[in-house]
Amino acid sequence: MKAECGKPYDSPGFLLWQVTNLWQKNLRHALHSFDLTHVQFILLASTEQLNSLSGRGDVTQVQIAQHAHVDPMMASQVLRNLEKKGLLVRKEHPTDTRAKSIALTAIGEQIVSEALAIVVQADDTFFSKLGEDQQTLANLMKSLANSTNN
């Protein structure tokens with residue numbers, strides 16, 4: 001069902017934008033005590049997850065950006081800032097001289113672990129209003145994401 005002309009509040013895009021803003025506001029609040037933005041958290045968590053899966057500590061900036069679905073140049077800037085904060089290290093990649101390997105520091109690992117628990121709690125609280133419809137929403141969002149990534 002399409003939104004009527006002149007009624008943007010019925011538009012799925014407008015509603016998605018509103019809900020996204022509310023959700024992001026909650027996450028900003030949840031991450032405030034860690035001095036992290038949402039994108040910083042996402043890149044730290046992606047770094048931790050990819051390095052855990054790899055087991056070799058050779059995860060690159062490009063792989064992290066692709067995993068997080070963010071622009072590689074923006075990811076590079078954010079990762080540099082996280083390095084300045086002492087949360088990760090960037091070093092020469094063992095096999096690709098053009099790439100940097102990214103790994104969390106001990107404090108970075110601790111912060112990701114603590115922040116992840118807070119973010120999961122914030123998500124649970126935010127989406128709990130949907131009750132059993134949470135899974136339906138997740139499936140619909142996956143469907144949209146998959147159809148636009150092709």
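Predicted model: local features only at pLDDT ≥ 70, side-chain atom pairs only at ≥ 80, totals over all residues.
Residues are numbered from 1 along each chain as its sequence is written, and side-chain values use heavy atoms, with hydrogens and water left out.

Let's start with helices α1 (residues 12-31) and α5 (residues 106-127), whose axes come within 10 Å and cross at roughly 145°. Helices (H or I, at least four residues) and strands (E, at least two) are DSSP runs, numbered from the N terminus. The axes are lines fitted to C-alpha atoms over the stretch in contact, with angles running from 0 to 180 degrees between N-to-C directions. The crossing is right-handed, meaning that the near helix is turned clockwise from the far one by less than a right angle. On the α1 side, the contact (heavy atoms within 4.5 Å) is made by V19, L22, W23, N26, L27, A30 and L31. Facing them from α5 are A115, I118, V119, A122, D123, F126 and F127. By class that gives 12 nonpolar, 1 polar and 1 charged residues, where Ala, Val, Leu, Ile, Met, Phe, Trp, Tyr, Cys and Pro count as nonpolar, Asp, Glu, Lys and Arg as charged, and the others, Gly among them, as polar.

Next, the strands. β1 and β2 pair in the antiparallel sense over 5 bridges; pairing takes at least two bridges found by DSSP. One of the bridges links R90 to I102 in β2. β2 is mostly covered, with 4 of its 5 residues buried; buried means under 20% relative accessible area, exposed over 50%, and partly exposed in between (1.4 Å probe, protein chains only).

A75, S76, V78, L79 and L82 are buried here, and their cover includes α2 (38-54), α3 (61-68), β1 and β2. Q77 also sits in α4, but at 48% relative accessibility Q77 counts as partly exposed.
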